[in-house]
Number of protein chains: 2
Amino acid sequence: MTNLTNLPAFEGPQCPLPLTHAERIVLGHGSGGRMTHDLIRTIFQAHLGNPYLNAGNDFAHLPLSLGKPDIGHLAVSTDSHVISPLFFPGGDIGRLAVCGTVNDVSMSGAIPLYLTAGFILEEGLSLESLERIVRSMRIAAEEAGVVLVAGDTKVVEKGKGDGMFITTTGIGWIPPDRPPLGGACAQPGDVVLLSGPIGDHGIAVLSARGELGFETEIQSDVAPLNHLIQALLQSAPHTHVLRDPTRGGLATTLNEIAQQSQVAIRIEETAIPIRPAVRAACEMLGLDPLYIANEGKVIAIVPPEEADAALAAMHRAPYGAEAVRIGYVESQPAGRVILRTMLGTHRILEILSGEMLPRIC
Amino acid sequence: MTNLTNLPAFEGPQCPLPLTHAERIVLGHGSGGRMTHDLIRTIFQAHLGNPYLNAGNDFAHLPLSLGKPDIGHLAVSTDSHVISPLFFPGGDIGRLAVCGTVNDVSMSGAIPLYLTAGFILEEGLSLESLERIVRSMRIAAEEAGVVLVAGDTKVVEKGKGDGMFITTTGIGWIPPDRPPLGGACAQPGDVVLLSGPIGDHGIAVLSARGELGFETEIQSDVAPLNHLIQALLQSAPHTHVLRDPTRGGLATTLNEIAQQSQVAIRIEETAIPIRPAVRAACEMLGLDPLYIANEGKVIAIVPPEEADAALAAMHRAPYGAEAVRIGYVESQPAGRVILRTMLGTHRILEILSGEMLPRIC
């Protein structure tokens with residue numbers, strides 16, 4: 001079911017119609033790219049729109065004052081996890097579900113505190129697999145320092161699910177003195193940092209699916225980034241944007257930020273770290289690593305005077321040893337991401353269209 | 001796939017083994033009855049247990065003080081909704097997802113404020129159905145006065161899901177002066193109230209599945225109960241327990257409370273309101289209405305001196321016009337629910353074993 005190209009999938013045989021004419025859900029609607037954005041805009045925001053949801057971040061920033069003096073805000077985020085297979089090199093759906101939500105909450109500048117989990121189990125799932133996954137959730141939650149406070153379990157008949165889906169919701173606390181931070185806060189002059197090599201998660205999952213056709217030692221980068229984020233914010237308190245490049249990859253995530261902030265983001269191809277094994281796998285499969293999902297990386301956009309401190313803090317933190325500076329922010333062309341290639345030419349990076357790797361998270 | 005009996009399903013052909021010997025998930029694990037409880041205890045609580053989760057309520061009661069003077073608590077609840085079919089008389093999965101979570105949060109005594117929703121869509125779902133369901137969520141959220149603040153959408157291949165699953169998480173605020181309230185707070189002498197007739201939701205869903213074999217005008221009772229609950233708590237501020245009898249029905253929910261509070265709950269069969277059409281459907285199908293799911297009813301256990309005020313408040317509130325007193329709490333036999341039948345005999349009501357009506361919520 002994998003469409004191994006990053007050409008717009010809705011022009012291919014899998015997805016015959018663009019969203020505006022489509023009458024049915026196709027895999028591209030779950031890509032995190034253009035079709036997902038269109039679906040959110042035309043259906044979810046059209047009917048459920050409100051300032052929290054329309055902010056377009058992976059978290060909602062909610063007042064907590066309830067008529068009392070300002071005591072901070074809540075950050076809330078939710079994610080449904082449908083990854084296939086359930087186990088992959090470097091992790092499983094349980095670790096992914098905890099880390100994915102801890103990370104989305106952390107990207108608000110919040111300290112994640114509480115998690116909930118809703119399990120949809122398919123009849124026939126082995127209890128041994130369920131127990132391994134639940135144990136993995138505990139280990140990830142302990143590492144992140146969050147507590148799973150509520151859960152729910154439903155079972156569907158064989159053939160009406162796929163082993164297990166987990167939906168996690170995270171709740172964090174944003175201190176009252178935290179400067180504004182979010183996808184709309186990037187400013188011309190800012191520096192763009194990336195916490196490490198990209199593409200590991202997507203390629204590790206493809207490898208677990210047997211779609212590589214060769215052996216690889218690549219492990220998913222799935223990890224909780226809240227301790228790294230807190231260290232970064234201590235050293236660079238005026239950080240403008242934090243976002244994890246998950247579905248749609250680095251290129252799509254930078255596009256979201258460029259559009260929310262109405263700025264141009266310029267990045268250097270030579271500066272973007274990619275492991276040789278990931279690069280080799282992408283070349284063989286015709287994939288662009290800039291569009292491959294990551295589950296333990298963060299993009300930080302910081303004012304230039306705090307960039308060195310931010311980078312040093314990331315280097316000292318868990319999961320940040322390979323952090324690098326990859327580019328900067330300009331005012332024009334607003335809403336665009338421009339890559340300076342290894343050859344010195346410039347290429348506009350578009351948002352992911354259609355679906356590249358379904359069910360990667 | 002429906003096992004139309006409330007005998008322990010794991011003794012029947014669908015579920016050959018009790019949980020302790022089972023190696024795979026069966027539908028009974030999602031029933032809300034004994035198998036669900038066993039699964040929660042042996043896997044989820046064993047690995048993820050903490051005081052919030054182990055409290056055994058449908059909500060978590062979380063400190064919000066964060067080092068400041070007591071400003072109240074958060075109530076958080078999550079539910080995955082896998083109901084089949086997506087549309088049924090009186091509602092759809094969208095209304096169910098909003099109301100189910102609003103109600104679980106409200107049962108803590110909290111004022112529900114925020115909702116999140118994670119959508120798992122099956123390839124091929126019509127956008128028209130998705131839009132109808134999202135619109136229905138908005139109407140229910142507006143009625144309840146909650147805001148949907150964060151969402152996520154994933155798509156799975158055809159045959160790996162079933163139209164749509166929705167996981168909602170709700171966040172509410174519990175005022176600092178709210179007396180303790182929860183499944184463990186029932187006391188001997190308390191009065192047991194029920195907000196209206198039982199069984200409507202389960203029978204409406206069976207009817208939508210074409211499993212009744214005859215026409216019925218029964219509509220699901222799915223509704224947001226937060227305004228009723230707030231009215232009840234204003235009139236009966238020392239209410240000890242609020243719980244909605246969803247999966248597993250009235251009998252299972254009363255058993256949960258009897259066990260959490262270590263009290264006996266005695267109820268009168270003649271006092272329990274059941275619509276004639278629901279009673280007729282149950283008799284034809286061999287179902288016990290005491291075990292059928294409801295989605296717009298609440299059990300309130302209140303001290304005797306506040307019982308009349310509580311009942312009057314329910315009568316004035318939306319969805320409470322048919323509220324009645326159905327029984328009382330005693331100290332012995334602790335952990336038991338005893339029904340005095342129409343014939344004057346006594347019957348111990350057990351918790352639901354196995355699965356009666358799968359995918360009812």
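Predicted model: local features only at pLDDT ≥ 70, side-chain atom pairs only at ≥ 80, totals over all residues.
## Relation of the two chains

Two copies of a chain are related by a rotation about an axis and a shift along it.

## Extent of the interface

The size of an interface is often given as the accessible area lost when the parts come together. Chain B and chain A bury about 7200 Å² between them, and 70% of this area is on carbon and sulfur atoms. In chain B, the residues that lose the most area to chain A are B:Ile25, B:His47 and B:Leu127; together they account for 10% of what that side buries. Counted by contacts, 75 residues of chain B touch 75 residues of chain A.

## Polar pairs and contributing elements

Across the interface of chain B and chain A there are 8 salt bridges. A salt bridge joins the side chains of A:Arg247 and B:Asp152, with an N to O distance of 3.0 Å.

Several elements of chain B each supply at least two residues of the side that touches chain A. The helices in this group are H1 (34-48), H2 (51-54) and H4 (127-144). The strands are S1 (60-63), S2 (73-81), S5, S6 (147-156) and S7 (164-174). The largest share of that side of chain B comes from S6(B), with 10 residues.

B:Glu122 lies in strand S5 of chain B, which spans residues 111-122. This residue is buried yet has no salt bridge. The nearest side chain of opposite charge is that of B:Lys158, 5.0 Å away, whereas a salt bridge requires the nitrogen to be within 4 Å of a carboxyl oxygen. A polar atom of the B:Glu122 side chain does lie 2.8 Å from the backbone nitrogen of B:Gly159.

Leaving aside neighbours within four places in sequence, the contacts of B:Glu122 include A:Ile25 from chain A. In chain B, the contacts of B:Glu122 include B:Val156, B:Glu157, B:Lys158, B:Gly159, B:Lys160 and B:Gly161.

## Cis peptide bonds

A cis peptide bond joins B:Ser84 and B:Pro85, with omega about 0 degrees. B:Pro85 is in the loop between S2 and strand S3 (87-88) of chain B.

The peptide bond from B:Gln332 to B:Pro333 is also cis, and its omega is near -5 degrees. B:Pro333 is located in the loop between strand S12 (324-330) and strand S13 (337-340) of chain B.

A:Gln262 is not a glycine, yet its phi is positive, at about 55 degrees. A:Gln262 sits in the loop between helix H7 (249-261) and strand S10 (264-268) of chain A. This residue is partly exposed, with a relative accessible area of 48%.

B:Arg359, also a residue other than glycine, has a positive phi near 55 degrees. B:Arg359 falls in the segment after strand S14 (346-348) of chain B. With a relative accessible area of 5%, B:Arg359 is buried.

Conventions
Residues numbered from 1 in each chain as written. Chains lettered and ligands numbered in written order. Heavy atoms only, no water. Helix = DSSP H or I, 4+ residues; strand = E, 2+ residues; numbered from the N terminus. Buried < 20%, exposed > 50% of the residue type's maximum accessible area, 1.4 Å probe, protein only. Lys, Arg positive; Asp, Glu negative; His and termini not counted. Polar contact = N/O pair within 3.5 Å; in protein donor to acceptor, adjacent residues only side chain to side chain. Contact = heavy atoms within 4.5 Å. Buried area = accessible area lost by both parts, 1.4 Å probe.
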